[in-house]
Amino acid sequence: MKRFQIRPSVCFGGEALSALDELAGKRVLVVTDRFLSESGLLDRVRAHLTGPVEVFDEVTPDPSLELVAKGAAVFRAFAPEAVAAFGGGSPLDCAKAIVRFGCPAGQDRPLFYAIPTTAGTGSEVTSFAILTHDGVKLPLVEDSLLPDTAILDPAFLSGVPAKVAADTGMDVLTHALEAYVAAGANDFTDALAAHAFALAWQALPSAAAGEREARSVMLNASCMAGLAFNEAGLGVCHSMAHALGGRFHVAHGRLNGILIPAVVAFNSADRTAARKYGRLAQLCGLSGTARALVSGLNRMRIRLEMPGSLSGAGLDRNEVLEAVPALTEAALADICLSGNPRAVSRAEVEQLIRGAL
């Protein structure tokens, strides 16, 4: 038996923040980063919170286990009735882990609201949290991490720099693409993944250029892609991106943009995957083949002025070559690998990483 479920309630559009009014009078812990806390954007969130509020704003990119432990201590001391995660993937993932490890055993979890400020991770609707320890990204996956409510307010994307919009947008495309061909894909996830991919394909160049409506479309596409991959799974592209990102601290979406064309070519040896890649290509106005999709992805990357190789992203070639065995080991151990539509050997992972140099 297969199962498809959507747990978070998704509130979107210009008045989406009014969903926080449901927390009137409650004790709310806000988890965010220092920039959002000091930029004035957090004030828009706090305006809807009428009860006691505690702000944990120490989240940094690639949140560590030590950071989560610090946040969990704040959680236990404040004893919130609700948690509001506000920011990009790092604050959302960190908040998930803080709730998971901060909530005392046997006690009901507080209400959990997720408010993304970038269009990329889809973390607001997934049971995934990516943490970092000793240079290794550790995906934490369990249903208890799912937020209760996702709030998609496109106004928060207006000040996102073009490079960040491009990086996170490529993450959306990769989420949708990998979910569409993943081992756990089904009719329901396919509908979300294919539509998310088509929306993002059309909107991403304009969104990176700062067009407001396009950024709103990307925010919705990111959420749909998150719903899809949370049920269907991902694949070897994310496994390698996690390994590389944990060691070299390159933006996750940038790594996906470098890796995904070769992954599509590799997975095309699987007939079902090749056929589905062709459908995605057709949806985007390309000829209906996996090869056309690979070419289109490379053109999209160039249009967004994103690097096409690891060395182009600033990594030292010799350092990467030296790290290939460890990177391969990390990729093979990554939970996302199990969703790949084609079995991947150690030698093939090594070849894909070397080929990205």
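This note reviews the aromatic pairs and the charge-over-ring contacts of a predicted model.

1. Aromatic pairs overall. Three aromatic pairs turn up when the whole structure is searched. Two of them, F86 with F156 and F128 with F229, are discussed below.

2. Geometry of F86 and F156. The ring centres of F86 and F156 stand 5.0 Å apart, and the ring planes meet at 70 degrees, so this pair is edge-to-face. Planes over 60 degrees apart are classed in that way.

3. Position of F86 and F156. F86 belongs to strand β4 (residues 82-87), whereas F156 is in the loop between β8 (149-152) and α5 (162-181); the pair therefore ties together parts that are 70 residues apart in sequence.

4. Burial of F86 and F156. F86 counts as buried because its relative accessibility is 0%. F156 has a relative accessibility of 4% and so counts as buried. The cut-off for a buried residue is under 20%.

5. F128 and F229. These two residues form an edge-to-face aromatic pair, with 5.4 Å from centre to centre and 75 degrees between the planes. Strand β6 (residues 128-133) holds F128 and helix α7 (residues 212-232) holds F229, so the pair ties together parts that are 101 residues apart in sequence. Both F128 and F229 are buried.

6. Charges over rings. R27 is placed over the face of F78, 4.2 Å from the ring centre. In a second contact, R342 has its charged end over the ring of F266, at 3.8 Å from the centre of that ring.

Key:
Residues numbered from 1 in each chain as written. Predicted model: local features only at pLDDT ≥ 70, side-chain atom pairs only at ≥ 80, totals over all residues. Heavy atoms only, no water. Phe/Tyr/Trp six-rings, centres within 6.5 Å; stacked < 30°, edge-to-face > 60°. Helix = DSSP H or I, 4+ residues; strand = E, 2+ residues; numbered from the N terminus. Buried < 20%, exposed > 50% of the residue type's maximum accessible area, 1.4 Å probe, protein only. Lys NZ or Arg CZ within 6 Å of the ring centre and 35° of its normal.
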